[in-house]
Amino acid sequence: MYASPSTPLFLRGVRLIDPHASVDVITDLLVTPTAVVRDPAAVPDHARVVDGRGLWALPGLVDIQVHFRQPGFEYKETIESGSAAALAGGICTVVVMPNTQPRLDTPQQVEFEAAEARRVRGVDLLVAAASTRNLDGQQLTDHAVLKAAGAVAITDDGYPVLDDDLMRGSLEQCAALDLLFMQHAEDIRMTRHAPMTDSPASVALGVPGQSSDAEGVIVERDIALTRETGARYHVLHTSTARSIAAIRSAKAEGLSVTCEVSPHHLLLTYDACAGGDPNTKMNPPLRSEYDRQALIVALADGTVDAVATDHAPHTREEKAKGFEDAPFGVIGLETAFAALLSFVHDGTITDTRAVELMTSGPARVLGRQGRLGTLGADAPVHLTVVDPSREWTVTEDGMAGKCTNSAFLGRMFKGKVVATVLHGELRYADGLG
Ligand SMILES: [Zn+2]
């Protein structure tokens, strides 16, 4: 089912959608190890020919928030297994978060991630390094040293940077170095790590609830600090109407503020937690229908820059501890684009907008527009092929990573990734012609 590395792939009559290049055409595509060629003059005899009619060919998808768990938690996921999950979801480039063990708070650890990704022939891996040492919110890391080691962003994800002075200091370093700051916006003095949003569902389940305002207060504070420092500031896994309102007005003001949303916050509310399924426990937690609708409006009106998974694998044993004691987090790589297509099928967003949210959108957040999330001489030869009308059901067996803690198990999606080309090589195929 997999072509050998030297076999070019020829897609006949495929729809090529590349929002960055304003391309949306039906074309023949020849994918070689070094280029994606439109309407090639000749097709090599040994090419694998696929009937592309009805399929979409997209620049390889980009996911700017994943947890690959290596080093320290290899039993949950590794860079190799996480890459397999990513490829199954059509994702060719990821940004990994620093809450590994040890933390990604030294140049050695930053360099290890990229080196390990190359060693296992994983997806293109970019590192968001720690804002504070050991992510403990006490002492800032030397951001310049982390950038020199290859870090593209700074975050304490898993945790917020709570202290105002530390946050200002981190943003000042980011501004001076042109590094992106990515915030896990949660005032933990308000949430106290409560397992879900304060709601009828938390009451029914008998677990502590947290106020959804705990996110917006941090976003609002950070926007004031962004105005002061001129840094590029990004909100990870944005989940509330209050946060969206603050981000929308910051953008209108011209600040360098961006945000992402996760498929689970777009498709689910805290009502999904009512049965106590630990695979509906994540951080930030599922919110109200009011919040969900605000995310959907922002998805459609351009306020949201990217869809990112916050792929957070945990084992069955860990999740079996019950709703209150199970760790926060769900996986998302295999299902992200299919989940996003739900909003194309119901008419909320256009197909081009959906593609943008996982290609040129995240590339722009990273300051890599034209070099990532598009097809062109300056970008890697990454291609994702999607059958937008294929219906499939999310199952544990269908997961390519180590863990199966998806909030979407049993759900039917319309639209599936059928092939993923990484650096010119077909690395994933599922029912491809
Ligand atoms: Zn987070």
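Domain bounds come from an automatic or database domain assignment. On this basis the chain is divided into domain 1 (9-57 + 382-401 + 413-429) and domain 2 (59-365), and the centres of domain 1 and domain 2, taken over C-alpha atoms, are separated by 28 Å. The contact between them takes 24 residues from domain 1 and 30 residues from domain 2, two residues being in contact if their C-beta atoms, placed from the backbone, lie within 7 Å.

The model is predicted, and local features need pLDDT of at least 70, side-chain atom pairs count only at pLDDT 80 or more, and totals for chains, interfaces and linings use all residues. Residues are numbered from 1 along each chain as its sequence is written.

On the side of domain 1 that touches domain 2, the elements that give two or more residues are strand E1 (9-18), E16, E17 and strand E18 (425-429); helices (H or I, at least four residues) and strands (E, at least two) are DSSP runs, numbered from the N terminus. The largest share of this side, 7 residues, comes from E17. By class, this side of domain 1 has 12 nonpolar, 7 polar and 5 charged residues, where Ala, Val, Leu, Ile, Met, Phe, Trp, Tyr, Cys and Pro count as nonpolar, Asp, Glu, Lys and Arg as charged, and the others, Gly among them, as polar.

Strand E16 (residues 383-393) pairs in the antiparallel sense with strand E5 (residues 56-59) over 4 bridges, pairing being assigned if DSSP finds at least two bridges between two strands. Within this pair, Val385 in E16 stands opposite Ala57. E16 is also joined by 8 bridges to strand E17 (residues 412-422), the two running antiparallel, and here Asp387 has Lys416 in E17 as its bridge partner.

In total, the chain has 14 helices and 18 strands. Its radius of gyration is 21 Å, close to the 22 Å that the globule rule gives for 433 residues, so the chain is as compact as a globular protein of that length; the radius is taken over C-alpha atoms, and the rule is 2.2 Å times the number of residues to the power 0.38. Of the 433 residues, 56% count as buried, that is, with 20 or more other C-beta atoms within 10 Å of their own, C-beta atoms being placed from the backbone.

Asp63, in strand E6 (residues 61-66), counts as buried because it has 28 C-beta neighbours inside 10 Å. Leaving aside neighbours within four places in sequence, Asp63 is in contact with Ala86, Ile91, Val94, Ala308, Thr309, Leu333 and Ala336.

Conventions: Buried ≥ 20, exposed ≤ 12 C-beta atoms within 10 Å, placed from the backbone.
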